Every structure is written in structure tokens, then in C-alpha cells.
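Work through the exercises below with the structure open. Try each task before you read its solution.

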Amino acid sequence: MDFDLKRRPRPRWTSTSSFRFGIEEEYFLCNGDTLQPAMETPDALFDRQHPRTGTSLNREMLQAQIEVASRPHTTSQNARAELRELRQMAAAAAADHGLAILACGTHPSADWGQAVHTPKDRYDALMDGLQMVGQRNMLCGMHVHVELPDADTRIDVMNRMIPYVPLLLALSTSSPFWRSRCTGLKGYRLTAYDELPRTGLPELFRSLEEYEAYISALVCSGAIPNATHIWWAIRPSDKYPTLELRAADCCTRIDDAMAIAALYRSLVRHLCRRPYVNADLDSVDRGVAVENKWRAQRYGVEATFASSAGAISVSEFLQATLDRISPDVEALGCYDDVDHCSRIVQEGASADSQLRLYAKQTASGAEALNGVLRWIAAETLQ
């Protein structure tokens with residue numbers, strides 16, 4: 001991903017704004033035969049680069065994880081093509097070492113107690129600070145960056161995006177299992193991830209100055225070295241001039257990943273184009289969004305969300321959102337991808353497919369999860 005940090009700030013929105021976007025995905029590295037996590041993985045696996053773009057494979061905090069990152073794109077078609085190539089490249093590199101990749105928020109049968117962290121200075125320092133909470137981070141997410149060159153706009157849109165984060169999370173849920181147990185949640189990943197500090201939904205910062213004062217207080221007191229240690233569900237990127245959605249589970253199916261990325265990108269454009277939408281967001285609205293985030297984790301696309309007008313289903317909330325952002329979807333040329341969100345609600349996210357398959361197994365426990373693992377492995381590369 002290579003958004004240009006040196007580009008001069010532009011007005012908050014113009015009719016020519018492209019809202020370039022990029023996608024990062026984390027996958028589990030697993031034994032190619034058993035599909036159990038490979039707790040220690042060779043450095044040589046990460047030497048491979050994409051022959052056309054030079055994109056490389058990246059380590060994550062735990063050795064059982066691998067990350068890919070697309071370049072910035074202006075069209076969903078090009079982003080989809082690259083994401084497919086990146087999954088194939090990661091799978092081929094893993095296969096060279098007898099491994100496979102799984103795209104899901106939690107590995108259904110992984111034992112986090114056996115996790116080994118990656119030996120890099122950054123991860124050494126993180127694990128020293130986080131201790132067991134860091135070792136439990138056997139989790140994989142999808143991050144979507146949308147370019148907003150103006151820093152003030154990134155803070156403003158982050159605040160006003162908060163009510164939509166539960167919807168984006170619900171559509172992505174792919175983590176119903178943890179340590180060979182059915183958790184009863186569709187999106188267990190954030191339940192575990194939110195054990196980390198500085199996670200969950202961001203506070204309501206009314207200006208860039210307030211946000212920078214918060215970061216400055218943590219940095220100057222030695223609590224964090226820099227803003228990359230802010231791990232909210234949505235945040236202004238410290239590395240790129242983007243607003244980064246971090247709430248989503250890693251989607252098993254590329255179609256689902258692209259649908260969520262396109263919906264988020266369209267919402268960013270919508271909020272830039274209509275600065276009065278959610279402009280009066282207050283602590284009550286944020287509190288309701290926190291509740292809805294939990295409901296998205298618990299029930300996924302079958303959730304009902306709280307609102308001042310009463311309960312509203314994910315399906316109803318999605319349809320109302322699609323009606324509002326249709327001009328933005330049209331302008332960005334991503335109708336097919338955004339329309340797929342409705343199909344996710346109708347047919348279920350990855351978590352729903354995993355649970356249906358699990359329910360059909362005649363075996364029980366870890367043995368019953370073997371069919372789920374094989375399904376995830378196959379769908380990752382469809």
C-alpha cells in the first residue's frame with residue numbers, strides 16, 4: 001500500500017475526489033495436511049514478491065499469521081483482481097513450505113497458549129507490554145483504507161462513521177469458534193481483541209487538535225511510542241493519509257471482502273459529501289453504537305440494532321443505508337460489490353456458513369471442525 005504522504009491537503013470534498021482505497025488482510029498459516037496452525041514459520045516464506053507489482057508478504061505479531069496489503073485503487077475491479085492475486089501468492093508461498101492459508105477471524109481449533117510471537121523489535125516490545133493478552137491475539141482481521149488527504153476531515157468522518165461500524169462488522173463475521181468450541185457468537189474475534197488497550201470504538205473527538213492532544217498525552221508520558229499503537233475499530237492511519245476501518249473480521253470469501261470495502265468507501269464519500277449527516281453525534285449515540293457493536297459480534301447479520309426509534313434489523317439498517325448512499329455508489333462505480341451486501345444478509349456471512357456446516361457433522365468437538373477447516377481453506381482461494 002503506497003498512499004503518498006507528501007500530497008498537499010485538498011478541500012474536504014470535490015466532485016473529482018477519487019477516494020482511493022486499499023485493503024489489508026491477515027490469514028492464518030496452517031499445516032497443509034491437518035490445517036492446524038503452524039506456530040513457528042520460516043522467514044524464507046516471506047521472501048516472495050509479486051512479479052508485477054513487487055508487493056511482498058508481511059509477518060504479523062504471531063508466527064501463525066501472514067498479512068497482505070494491496071496498492072491504492074480507484075476501481076473495485078482492480079482491487080478485486082489484486083486481492084485475488086495476493087491470496088494466491090500467499091497460498092503459493094505457504095505451499096512451498098508445506099503450509100496453507102485460512103481467511104477467517106479466528107482459527108476454529110487453534111490453541112493460543114501455544115502461540116509464538118514473531119522475533120522483531122516491535123513485536124518484542126509489544127509482547128513485553130501486553131503479556132498474555134498479546135499471546136491471545138490469535139486473530140485475523142481485514143483493514144480497509146480510504147484516502148482522505150485532509151487531516152481534519154479524517155477526524156470528522158471518523159466520528160460520524162461510528163454508527164455504521166456495527167453494520168460493517170456484522171457483514172464480515174467469520175469467527176464463531178475459539179479453541180475448538182462454538183462460542184455462541186458470530187464474531188468472537190473482537191471479543192478477544194478488545195482485551196487489548198486502546199481498542200473498541202473511538203472517543204468523540206471534536207477536532208484534530210483534540211485527537212492530537214490525546215496522542216500527545218500518551219506519547220509524552222511513555223504510554224505508547226506513537227499513534228500506531230491506537231487500535232480502535234476505526235482510526236486515522238498514522239502511516240497513510242487515510243481513514244482505516246479495522247473492525248472487520250478477515251472475510252473467508254473475496255466477494256464478501258470486496259462488498260464491505262465498497263460499502264465503507266461509499267459511506268466515506270457520503271459523509272464527506274453531506275457534512276451534516278451525524279454532525280450532532282453525542283455520547284448517547286456513541287453508547288448506542290457500542291451496544292450495537294456487541295450485538296453484531298453476538299448475532300452477526302441476524303442482529304437487531306438499538307436506535308431511538310426502537311429495534312431495527314441488520315437487513316433494515318442496510319437497506320436504509322443503501323438508499324441514502326446510492327448516489328455515492330453510482331459515482332464510485334461499485335454497485336455490484338455494494339449490492340452483494342444484501343446477499344450476505346440473505347444467505348449469511350462466513351460465520352453462518354461455518355455453523356451450518358458444523359451442525360451437519362456427525363462427529364463432535366475438534367473432529368467435527370475438520371470439515372469447517374476444509375471449507376474455509378477452499379473458500380479462501382475461490
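**Exercise 1.** Classify R198 by its relative accessibility: buried, partly exposed or exposed?

*Solution.* Start with the cut-offs: buried means under 20% relative accessible area, exposed means over 50%, and partly exposed lies in between (1.4 Å probe, protein chains only). R198 has 22% relative accessibility, so R198 counts as partly exposed. Next, find its place: R198 sits in the loop between α6 (189-193) and α7 (208-220). Helices (H or I, at least four residues) and strands (E, at least two) are DSSP runs, numbered from the N terminus. Last, check the backbone: the phi of R198 is positive, about 60°, although R198 is not a glycine. Most residues other than glycine have a negative phi.

The model is predicted: local features need pLDDT of at least 70, side-chain atom pairs count only at pLDDT 80 or more, and totals for chains, interfaces and linings use all residues. Residues are numbered from 1 along each chain as its sequence is written, and side-chain values use heavy atoms, with hydrogens and water left out.

**Exercise 2.** Where is Q131 placed, and what is its relative accessible area?

*Solution.* Look at the loop between α2 (121-130) and α3 (132-135); Q131 is there. Its relative accessible area is 48%, so Q131 is partly exposed. Its phi is near 55°, a positive value in a residue other than glycine.

**Exercise 3.** Describe the largest pocket by volume, lining and residue class.

*Solution.* First, the term. On a 1 Å grid over the protein atoms alone, a pocket is an open set of points where a 1.4 Å probe fits, with protein on both sides within 12 Å along at least five of seven lines; lining residues have an atom within 4 Å of a point. Volume is the space filled by probe spheres set on the points, which are joined across faces, edges and corners.

- The volume of the largest pocket is about 920 Å³.
- Its lining has 38 residues; E24, E60, E67, R122 and Y123 lie nearest the centre.
- Elements giving two or more residues to this lining include β1 (21-31), β3 (65-69) and β5 (142-147).
- The largest share, four residues, is from α2.
- By class, 13 are nonpolar, 11 polar and 14 charged.

For the classes, Ala, Val, Leu, Ile, Met, Phe, Trp, Tyr, Cys and Pro are nonpolar, Asp, Glu, Lys and Arg are charged, and the others, Gly among them, are polar.

**Exercise 4.** Which element gives the largest share of the lining of the second largest pocket?

*Solution.* The lining has 18 residues, with P163, V288, A306, S307 and F317 nearest the centre. α9 (283-299) and α10 (314-332) each give two or more. The largest share, five residues, comes from α9.
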